[in-house]
Amino acid sequence: MRGGVFSPPAVRAVCRLVLRWISATKGASLALAVMISVPVAATLLSDVLSDAQRGNPRRTIEQNIGQAAARVTDAGFGDVPILQNLDGTQLRAALPAEVTPGHRHTARPELPPGALVLTMTRSLLTTTTGAARLSTQFQELDYLHPLARGITEQVRGRAPKGPDEVAASPEFLRRAGIDLGATVAVPAAGRSFLVVGEARPTRDHGELVLFAQPGALYEQLLRAAPAEAPRLGGRMWLVDKDIDWAGVLAANEHGLAVYSRGAVQAPPPPEKIPLPGDPPGAYRSFHDLLIDDLTGGHDRSQSTGERLGMLLAGIAVVQVILLGGAMFAVGIRLGRRQLGALAANGASGAQLVLLLLVWGLLLGLAGAVLGSLAGTGAAAVLIEVFLRFDLPQIWRFEVGLDDLLLPVALGLFTGVAAAVVPAVRAGRTKAGQLLAERRSDRRPSRVTPVLGGALVFSGLAVAAAAAFFLDWRGLVPVATVLISVGLFCWFPALVGRIAALAPALPVSVRIALRELGRHRARSAPAIAAVMMVVIGTIALDTLDATRNAYTSGRYWPTLPDRHAAVLIADAADRPAGLAELRDSLGEALPVRSFAEVTALPGAWDTCGAGGCPRTVEVAMAPSAGCGADWTTREQWLPPGGPDCVHHRRLLGAVVVGDAELLRRVSGVADPAAAAALDRGEAVVLDSRYVQEGSTRFVVNTPQGSHELSLPAMAVDSEVGSALVVLPPRTAERLGVPVSLRALDIELDRRLSGFEQDRIAEMVSAAGLGSYVERGDTREAALFALLLLACTALLSTTAAVTATVLSLIDTQRHSIMLATVGATVRTRRALAVAQSLIISGLGSVLGVLVGILPAAMISAQGARRMWREGPVALPYELVLPWPVIGFVLVVVPAIAALVALACVRGRVRIDRRHT
């Protein structure tokens, strides 16, 4: 190996030696490759899942307009100017002040001359199949046309060809309980259609869709009932010639919305967009804010999944560098004689370093390949699980070369980074020490523990400042890093102090502690790796549990589940056309029943052009500590803190009705509450307004205000539709006339996004408002499930790898114990004790430190929220006890079982090399 370090003979010799070394240390090399594969798999998994859910811009355009250059849509306002955002998903009629008459064209613009045009319509209809009655989206489009390719995909069967044939979405077939060859009826048209195929939108949200050829039904329904145009939707035209932004604005002047491929790919300046949307990243989801808090950043360039994956991959990289470095050191220690022989035969220190770095590079490459395969397989399995978990069917499994570049680079970097420190130390060791297999004569540094203590106390000071005084989010990661690095510097001294307790413990634990004390260079990084992984995962899980408790976990529905409401803003008059709107909604929606909601007007309601002359407010009970005059009229900062906040009531503070109305507006079906209404008592849905069996009502009239106490029963409900339900005869005692406030709609199921948009258009066309209860989403549960899976994977991997590292390093010691008569039980007890000490100590310290950033963020969030205004819930720290229990009990138990399984009953004693 004479010559330059990177000379061809030296490189060839190094590669041969590395391959022989890997062959001789199969166990350690395999453990290192598996360890390196963990962050690679985590990174690839997050990238693939993020791309599968979010989709790239090209795929998003195809899902909307296929291969067309633009889509022109009749906005449904007639030949009047409209304003739209960049892609036409948001639009409204322009106000008179927003229209420039001089710029309006004299004639309605035509589609681009010479363009190939494909017509498309989407209507909301009621279909029947046997006993099933379903609200269905009826799409008329030749989706096999090259211009429409990418909007719809065929699953099985064939596409419809004739006017009496349709293809159905998988969800429609499932809900209807039918298959291909069945017949679907549309009662409004008196038509039946034969199901000849199964198809679905490429961005499928699990909706009920029927696909037909253009002209199958839309024109017939529009001619028969022109007033039903809002329910049927406007026509759309796909064209193969692009429309520039000037053409988009010209079309807007005549009520046409345009989705232009060129405009979406190269947006015009924001000042030229009539309805500018939010800038990229302006919307921050629940989990975006969570990761912002933990990292102290506000990155807008990546999705939540990518940022979470990178954060977890970073945690795994730290684990691999700590454990991998110790594992490399153990492998080098096992091969000291080979290194000594190379050095004695003329190998320089740089060549030994090159040898070990190439070892790390090859193991990194093996780990990258293994992690890429594992991440790809896990992504495919998870996407299939999501598809069966009744989540939006928007996932598509695709892995490209760009998805593999970063994970492979991460694996190579991790392997080399873990090998650097052991390689440099081995290169600086003398050949005599290597041949004699002697350890270094250096004593542990006394400065390192002092430095560690200073860092820990500095981190605690920063944490205290962040929790009680300062709001800068960057203090949270700073404090966590200072404490973690300080503990890492403390670990060698800490392990030595723990080893001093050995005489008072059983024999196996005593030997295990002394071994940990003697091998501090291996045990300290192992404990630190477990601790760092647990810190990151516990911090994420604690923040997720805390935010879920404040938002998703304590979701307060505005209406009961599977309910919607048509809102009437004017309490003075009954709107015209309400009966016709009710019939249209009953035809378009899966409606179970309708009910009119009457209420007593409040101070913030309108009657005609102004406020209502007679209003009723509800006073909070004095026992709540909010003051004697604190009524639902008061909306400013409450005097008694968050417990005095009035919750929003969609249908009014006081509704008038019976037990059936109580069930519809609050979901309460308590027989005692129904009996109270029959007795003429009020049912109050918030116990803060009831004291000693009565509730105070404040009646405001032009002559003044007076109070009236009525008998009441408290039934707490988190539904925010109303506060009090009064029986009609009791409401008459208040002397305030009731008014129609809403039309409550009880549904058979939750509505799809298309149905919600179409309802909003129908109700808006009637001059009224609407609200659909969407319910709590599964995003929080899915995110918590992914976090739990990542916690289990990373913490278990760290503990098991630390256990394997300990077993490999103490293999000679175990053989020596067997030769002097130690039983299998003693050796297994020793291995179990070592694994429990490493994994248990790392888990305990990781849990304690991991809770700290969540506590700091919770304190900052509570202080910030209270400054910005009243909050209805205290922002308190919530600990994820199941996750903590898993980390403290299950992870050490798994590590102990691995240690127990790895100790063989028979030990082969090799001959001594002399």
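## Basis of the model

The model is predicted: local features need pLDDT of at least 70, side-chain atom pairs count only at pLDDT 80 or more, and totals for chains, interfaces and linings use all residues. Residues are numbered from 1 along each chain as its sequence is written, and side-chain values use heavy atoms, with hydrogens and water left out.

## Overall make-up

The chain has 27 helices and 24 strands. Both are DSSP runs, numbered from the N terminus: helices (H or I) have at least four residues, strands (E) at least two. Of the 914 residues, 51% count as buried. Buried means under 20% relative accessible area, exposed means over 50%, and partly exposed lies in between, with a 1.4 Å probe and protein chains only.

Contact means heavy atoms within 4.5 Å. Among contacts in the chain with a separation of 6 or more, 80% come from residues 24 or more positions apart.

## The 10-strand sheet

An open sheet holds 10 strands with mixed pairing. Their order is E17-E20-E21-E19-E22-E18-E14-E23-E13-E24. Strands count as paired if DSSP finds at least two bridges between them. Strand E17 (615–618) and strand E24 (769–772) are the edges, and each pairs on one side only. From one strand to the next, the twist averages 35 degrees.

Strand E13 is joined to E23 by five bridges, and the two run antiparallel. Here His 563 has Glu 746 of E23 as its bridge partner. E13 also pairs with E24, again in the antiparallel sense, over four bridges. In that pair, Leu 567 stands opposite Gly 769 of E24. Four of the five residues of E13 are buried, so the strand is largely enclosed by the rest of the structure. Elsewhere in the sheet, strand E18 (residues 654–656) and strand E22 (residues 724–726) pair in the parallel sense over three bridges. Val 654 has Val 724 of E22 as its bridge partner.

## Helix H19 and its neighbours

Helix H19 (residues 578–588) and helix H23 (residues 753–765) have axes that come within 11 Å and cross at roughly 170 degrees. Axes are lines fitted to C-alpha atoms, for helices over the stretch in contact, and angles run from 0 to 180 degrees between N-to-C directions. H19 and H23 are therefore roughly antiparallel, a label for angles over 145 degrees. The crossing of H19 past H23 is right-handed; that is, the near helix is turned clockwise from the far one by less than a right angle.

H19 contributes Leu 581, Ser 584, Leu 585 and Ala 588 to the contact, and H23 contributes Ile 759, Met 762 and Val 763. By class, that gives six nonpolar, one polar and no charged residues. Ala, Val, Leu, Ile, Met, Phe, Trp, Tyr, Cys and Pro count as nonpolar, Asp, Glu, Lys and Arg as charged, and the others, Gly among them, as polar. H19 also lies across strand E13 (563–567), strand E14 (591–600) and strand E23 (739–747), and runs at about 145 degrees to E14.

## Buried residues

Arg 741 is found in strand E23. Arg 741 is buried, at 11% relative accessible area. Leaving aside residues up to four places away in sequence, Arg 741 touches Val 566, Leu 567, Ile 568, Val 597, Thr 598, Ala 599, Asp 605, Leu 651 and Gly 652.

Met 856 sits in helix H26 (residues 824–868). Its relative accessible area is 1%, so Met 856 is buried. With residues up to four places away in sequence not counted, Met 856 touches Ala 463, Ala 466, Val 476, Ala 479 and Thr 480. Met 856 and Ala 465 are 391 residues apart in sequence, yet 9.1 Å apart in space, C-alpha to C-alpha.

## Loop residues

Most residues other than glycine have a negative phi. Arg 562 has a positive phi, near 65 degrees. Arg 562 is in the loop between helix H18 (520–550) and E13, and is partly exposed at 39% relative accessibility. Glu 692 also has a positive phi, near 55 degrees. Glu 692 lies in the loop between strand E19 (682–684) and strand E20 (694–701), and is exposed at 77% relative accessible area.

Trp 556 is in the loop between H18 and E13. At 27% relative accessibility, Trp 556 is partly exposed.

How values were computed
Parallel < 35°, antiparallel > 145°, perpendicular 65-115°, else oblique.
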